[in-house]
Each structure stands twice: as structure tokens, then as C-alpha cells.
Amino acid sequence: MAGPRNISVSETSRPVLPRHAKLKYDETRKVWVILAPERVLAPDEIAVEVLQLCDGERNVGDVSDQLAAKYAAPREAILADVIVMLQDLADKGFLTEAREKTS
Amino acid sequence: MSDVLGNPTIPPDASDSLAVLEKSRSTAEAFGIPLAVLLEVTHRCPLQCPYCSNPVELDRSGKELTTEEWKKVLSELAEIGVLQVHFSGGEPTARKDLVELVKHASDVGLYTNLITSAVLLTRERLSELADAGLCHVQISFQGTEEGLADRVGGYRGGHHKKLEVAKWTRELDLPLTVNAVMHRQNLHQLPDIIQMSVDLDADRLEVANVQYYGWALKNRAALMPTVAQLDECTRIVEEAREQLKGRLTIDYVVPDYYALRPKKCMGGWGRQFFNISPAGKVLPCHAAESITGLDFESVRSNHSIAWIWQNSDAFNRYRGTGWMKEPCKSCEFREIDFGGCRCQAFALTGDAANTDPACALSPLHETIFKQAEREAEGETNRFIYRNFAGGTLESENGA
């Protein structure tokens, strides 16, 4: 079944795109898109970078660490932006949380 | 960065539900290939819904594209930049080769959506579709209670079967959309439909008020809601959207009969949508064949789909604003709604180039919509069921 609903994105969440949302590079239009039921979203470059890091293993804190290092930017500002972006995606129903490893 | 998902998630126009990547790219000349295409792979269907969006003149099975022809179409669509395909009908699962077609679509990189009545599906076949790469399932519901739902669909046992298939869909981890077509005789069930969608673990609900062309126009007197019903419907949807944020996405298609401004039908003729009929005609909208005097090109012709989209007469006839007459021609909203729906203009005025009577500026607006209002208050509840014979009137006792 799908992941939990009403996801609240925090530093410790490990978000991942659900099966029905596919991140893809559109060769025709030369843009990244998220394909979802009856929707095509156009994430900007930074969102694409965040989503590529959201592999279900890394948590939001890890993602922010990596981006902060890469762009030599303050981690707290990056973290806040990442959470806002992911929460927006979650509220639209295009983000799930990786399942806890139970075994 | 907060604007990352800025423009593209606007819910679609009233007539279709294909959201666009860049809705603001509206230069009159450049019509890029649509992101999503509707494939009506057959007109055969076990249901007989009186508001069916198929044309009254249905394509018989002998005219349907073959498996190989559909596969060629799918490859071509992927090649020219289409990203999503919707397998629809008729009832798409009536095609024996559906799994093969979905597999091929996935292989060429298309995002696949199945729009189904669900009544022909077995768990095994649904599982095969999932394995073939199906991304999303959309099941139509005619109500929440067996008596009414089966009567609207004209198919006994249908509602029960739909509930079963919806459960299988989620068990197979496929995302589910509940598609509820609303009209006077089932609008009172809307709160229950919302609850049913939550109970079925659907991600999306489409509350689609009937659009009155083709079969629905024949049945308008039995389907047209009252103004009070619609206001209540809008209130319920808005409240549920707020309550279910992050849990259930609700797309709301409002009927245009009581509006003062027409809908930007299909996002404008030939601007961001086409569909392919069972016989392979490339159409600017699924009702386009109801407009007589237009010649629609087929994928069986010598022309490529991209050529048909860009150059064919049918697509260019009502593109942009050059074809418009008054009051559209000088209207400040002409680039906003493109004069509404061409099929509705044709059905209600006899000329597709007239202003859609849904627009208050149409000279016919008042007459037609007063008539609809009277019909909504009327007692005519019997349906004319959709079938290949041109329709059958429901018997007095509703059988």
C-alpha cells in the first residue's frame, strides 16, 4: 500500500517519490518533469536536485548537508527551503515517506 | 525556491483533465505537441451511461485499429514528445490486447493511465496490467449505492464489481482515482462519494459534472441539476478539499450551463490536446466528430501524427482567434476562453464558429439556459441509454 498520508516533512523524514510520480528528463522540451496522474509538474533545477537526492535512504537533513556543501550556503537556510518545497509536493500528493526498515 | 512548482499544477479546464506543463505559453503560432493524449481504443462498453462522452455515432469494432497499428501510434507519440497516454474508450479493457498495448507504451517510455468502468476486469488481468507498467487506474462510479449506480450505468452488479476492483487496485499498489460523474439524479450522494473515495484509499477524486454534448445532450432533461444543487456541490467540494488536504486530491469540473463565461474548452481548440478515436481519427476533442463538415485525418493516412496536429485543416480551423465572429472577435476575453466550446456551439446553434451559448454574450444564452433551468425543475427522470443502436429509452419502471 502507499505510504502514510498527511506527511509532515521534517529534518528526519526520508521522503521519496511514490510509484505514480515519475521524475523524468523530457528530451523534446529539454526540461525535467514529474509525471503524475493527470498532471505534469515542472520542478525547477533545485527541486530536481533535491528530488534526485531523495532516494528513500537519505533523510532531509542529509540532503540539506549535501546541498549546503555543494553551494557553500548556510545549512539552516537550505534546510528551511527544502522542507517548504517537499511539504508542498507532499500536500499535492506526490511525495511519500520511505517505509521504516522493520527487520 | 518556494516557487518551484509554481505554475503547472493548476487543475484543468472543465472539459478535460489534462493539466499542462506551461499554461502560459500561448503564442498563437507555436503549438507544441501535447503532453498527454487520450486514446479511445474502442467504443465497445458493457455500460450504457446516458451521459457518455463518446459520439452518438459510435465506431463499430470492425473499424478499430489493430494491435500493431496502436503500437505504431504509441511509438510515434513517444517519439514526438508526448509524455502520458490515457487508455480510454468505450471500455478499454474490452480490448483483448490491452496488456500488450500498455506494455508497449511503457517500453517506449510513456506514463500510462487506465480510465475504466472496471466491470470487465479480473484480479489476474489487473495484475498483468500492473506488471506491464501501468502507472495509474481511474475507475468511474455512477453513485455510492447499488440501486441508483447500476440504474445509471444500465448494468446490474456493476457497482459491486467496481468496489472490488478498486480494492484490488490498491492491493496491487497502483494509485487510484475515483471518477464520479455528477448530475441531478446523483448529486445528493456527493458527500458519500467523497467518503467512499477515502475508504477505498484513492489518491484522487474527480467530481465531474456532466457536460452536455452528444449522449448527455439527448438526456439533458433527465440530468440537468438545479442551481441550488450546484451551489451545494461547490460548497461540499471546497469544504472537503480543505479537510482532506494531503490525503485526497479533488479535481472539480463545473458545469458551464449556469456560468456567465464559457469554459476554455480543451484549453482552446488544437492548443494542448488531441485524442485518437477507435478507428484512428486524430481529433481536437473527443466530441469533435459531432461537428459536421470537418474532415478529420486518420493515423492510417500517409501523414504523421505531428503533421496532422500542426497542419491538418480540422486542427487549424478553430485555432487561435482568426476564425471568430462577433461577439467573440472583438471581445476582451477572446484569448482567455477562445469563445468556449466549439462542439457545444455547433450542437446548440448549428455553427461551430458561433459563440458558445454558455457565454452570457451569446444572443442564445438566455433562451437556452432558461430552458435548461426549466428542465432541471422538471419531472423527466427516464434515461436514454447509450448503445450502438442510437439509444434506448429506459422503461417506466426503470429497467
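Guide: Two residues count as in contact if their C-beta atoms, placed from the backbone, lie within 7 Å. The model discussed here is predicted.

Visitor: Which residues of H1(B) and H2(B) meet by that rule?

Guide: On H1(B) they are Thr67(B), Trp70(B), Lys71(B) and Leu74(B), and on H2(B) they are Glu100(B), Leu101(B), His104(B) and Ala105(B). This contact between H1(B) and H2(B) comprises four nonpolar, two polar and two charged residues.

Visitor: What angle and what axis distance describe the packing of helix H1 and helix H2 of chain B?

Guide: Helix H1 (residues 67-79) of chain B packs against helix H2 (residues 98-107) of chain B at about 20°, and their axes are 9 Å apart.

Visitor: Why is H1(B) called roughly parallel to H2(B)?

Guide: Angles under 35 degrees count as roughly parallel. The angle here is about 20°, so H1(B) is roughly parallel to H2(B).

Visitor: Which hand does the crossing of H1(B) and H2(B) have?

Guide: H1(B) and H2(B) cross in a right-handed sense.

Visitor: What makes strand S2 and strand S4 of chain A edge strands?

Guide: The sheet in chain A is open, has three strands in the order S2-S3-S4, and pairs them antiparallel. Strand S2 (22-26) and strand S4 (39-41) each pair on one side only. Neighbouring strands of this sheet are turned by 35° against each other on average, direction ignored.

Visitor: Why do strand S3 of chain A and S4(A) count as paired?

Guide: Pairing needs at least two bridges. Strand S3 (residues 31-36) of chain A and S4(A) are joined by three bridges and run antiparallel, so the two strands pair.

Key
Residues are numbered from 1 along each chain as its sequence is written. Chains are lettered from A and ligands numbered from 1 in the order in which they are written. This is a predicted model: local features need pLDDT of at least 70, side-chain atom pairs count only at pLDDT 80 or more; totals for chains, interfaces and linings use all residues. Helices (H or I, at least four residues) and strands (E, at least two) are DSSP runs, numbered from the N terminus. Axes are lines fitted to C-alpha atoms, for helices over the stretch in contact, and angles run from 0 to 180 degrees between N-to-C directions. Angles under 35 degrees count as roughly parallel, over 145 as roughly antiparallel, 65 to 115 as roughly perpendicular and the rest as oblique. A crossing is left-handed if the near helix is turned anticlockwise from the far one by less than a right angle, and right-handed if clockwise. Ala, Val, Leu, Ile, Met, Phe, Trp, Tyr, Cys and Pro count as nonpolar, Asp, Glu, Lys and Arg as charged, and the others, Gly among them, as polar.
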